[in-house]
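Visitor: I have a structure open and would like to walk through it with you. Shall we take it piece by piece?

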Amino acid sequence: MSDSAENPDYQKLLALSHELALLQDTEALLNWDQETQMPRDGVAWRAEQLAWLGGEMHRRFTRDEVGGWIAACEDVGSEEGSDEEANVREWRHAYDRATKLPSALVEEFEKTRAIAKSAWAEARKASDFSAFAPHLEKLIDLSRQRAENWGYEDCLYDALIDDFERGAKSANLKKLFGGLRPELVAIAGEAFEREPVDPAKLAGEYPEAKQQAFNREVAEAIGFDFDAGRIDTAVHPFCTGLGPRDTRLTTRYDESDFRSSLYGVLHEAGHGLYDQGLRGDCHGQPVGRAVSLGVHESQSRLWENHVGRSRAFWDRWLPRAAEYFPQLAGLTPEEMCRACNQAERSFIRVEADEVTYDLHIMLRFEIESAVFAGDLAIADIPGEWNQRFEDFLGLKVEKDSDGCLQDIHWSLGIFGYFPTYSLGNLNASHLYAAALAQQPEIESQLGEGDYSGLLGWMREKIHQPGSRFLPTELVARAAGSPATPDAHLAHLRSRYLAS
Ligand code: ZN
């Protein structure tokens, strides 16, 4: 067993992690600024800055000597369950991923992405899949080559998924989603029939400044620390970390409906609470980092949906909301809750409700799986998409801009990302149910608007471990078992079908 304080190679890796964190957080700051503050004409220089920083981080991490330090640490070994063990495991994984790709492939991938992105934007505008198809074909071919270089056990698509969700396998996802889909279709079918709350009851003005004040109160109540974070405005809401004590959220405002900014803030604050709950003493090291997108998304969906769309939430917050927005005084908490939980058939994933959202994801996952397995030709994607869409959601896709051209991901060469959204939903329900089962007092606390019990549980079980365990193990350790669709389906049934 080694003592990491005396292992010079481990110390060098810690120092490098610190340096890379400084660069990474600088990159995050430049990105945040670009989305929230930067004037239009700053874009060219900013792109150059970001490209340089990205290249610099890659050069520093992929030096031969870094590989030598990692190998030396592996030779010495580390104590089971220690920070050191997890750090070395994750450095090895990242180093192999970063060094296994020939630079010609990296360059061609970047070049193809840049061209494909604008080709996609044009194709979507014209709703013409055939204009995007050659770019997509090339990106898929290059992604295959990337996966081949990285290596995989069962199927090539797994190597791509691993970029976003460490250790996830498409065979497991297929099983998980297979159990979920027919149940979701059934719940959706019933939920569509439910009488919606009369929109006139929510009609009125929602001044931006008042929305900001209300959102801030809510974010503070759930535990977001404004001494270590802030909320700004951006076209596409996001959350980013600029350092161990600096978490930035963004949202957007619609002055005719306050729910859009509120749920944007609750979602992003969920991500932010995770970031604020990570161990600051090892910022930049794997053990101080969030473990995966599927776990990150579980935290955002937990606060947005399980907490923020619940009846208990509106019992507590409707009277306060009505002080800011007097038109809400005519609603009961029950009506407000239902107005925030309405299922609808819709084409666009990002606008989908909680019941139909995962159907959108499964459709994309099935299409990607089939393409990378060689079972689906590029030209056949629209037909396959539209057929499945009608099976899942009962809507006929009339144009590809409402169908397979709607998302930006493929144009950026991002394949294997979509499943993490559904993993986030399943993990959120699974973890929430486990927290309530292990600490029953959380439920009454939530009823009183006290969120500290639930946050404390997440802090201990999910935030503090960072990337010590792989995502599935982390969730299983926290909840006592790995995530299944059960808790999520129970949640949706009680939210959308009861009463
Ligand atoms: Zn999110």
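Visitor: Into which domains is the chain divided?

Guide: Happy to start there, with the reminder that this is a predicted model. By residue number, the chain is divided into domain 1 (4-151) and domain 2 (170-496).

Visitor: How much area do domain 1 and domain 2 bury between them?

Guide: Let's begin with the residues involved: 36 residues of domain 1 are in contact with 39 residues of domain 2. Of the area buried, 63% is on carbon and sulfur atoms. The total for domain 1 and domain 2 is about 3,200 Å².

Visitor: Which residues in domain 1 lose the most area to domain 2?

Guide: There are three of them, and together they account for 20% of what the domain 1 side buries. They are Trp 32, Trp 120 and Phe 129.

Visitor: How many salt bridges does the rule find across the interface of domain 1 and domain 2?

Guide: Polar contacts come into this interface too, with 16 residue pairs found across it. The structure as a whole holds 38 salt bridges. Across the interface of domain 1 and domain 2, the rule finds two.

Visitor: Which elements give two or more residues to the side of domain 1 that touches domain 2?

Guide: By class, that side of domain 1 has 17 nonpolar, eight polar and eleven charged residues. The elements that supply two or more residues to it are α1 (8-36), α4 (83-99), α5 (103-126) and α6 (129-150).

Visitor: Which residue meets Arg 468 in a salt bridge?

Guide: Here the contact is between side chains, at 2.3 Å from N to O. The partner of Arg 468 is Asp 83.

Visitor: Which residues coordinate the zinc ion?

Guide: In sequence the donor residues are spaced H-x3-H-x25-E. Because the two histidines, His 267 and His 271, are four residues apart in helix α10 (residues 259-277), about one helical turn separates them. At 2.1 to 2.3 Å, the zinc ion is coordinated by His 267 (NE2), His 271 (NE2) and Glu 297 (OE).

Visitor: In which helix do Glu 56 and Arg 59 both lie?

Guide: The side chains of Glu 56 and Arg 59 meet in a salt bridge, 3.0 Å from N to O. The two residues are three apart, about one turn of the helix. That helix is α2 (residues 43-61).

Visitor: Leaving aside its neighbours within four places in sequence, which residues is Ala 98 in contact with?

Guide: Ala 98 is found in helix α4. Ala 98 and Phe 61 are 37 residues apart in sequence, while their C-alpha atoms are 8.3 Å apart in space. With the neighbours within four places left aside, Ala 98 is in contact with His 58, Phe 61 and Thr 62.

How values were computed:
Residues numbered from 1 in each chain as written. Predicted model: local features only at pLDDT ≥ 70, side-chain atom pairs only at ≥ 80, totals over all residues. Heavy atoms only, no water. Domains from an automatic or database assignment. Contact = heavy atoms within 4.5 Å. Buried area = accessible area lost by both parts, 1.4 Å probe. Salt bridge = Lys/Arg side-chain N within 4 Å of Asp/Glu carboxyl O. Polar contact = N/O pair within 3.5 Å; in protein donor to acceptor, adjacent residues only side chain to side chain. Nonpolar A, V, L, I, M, F, W, Y, C, P; charged D, E, K, R; others polar. Donors = N, O, S within 2.8 Å, 3.2 Å for Na, K, Ca; no water.
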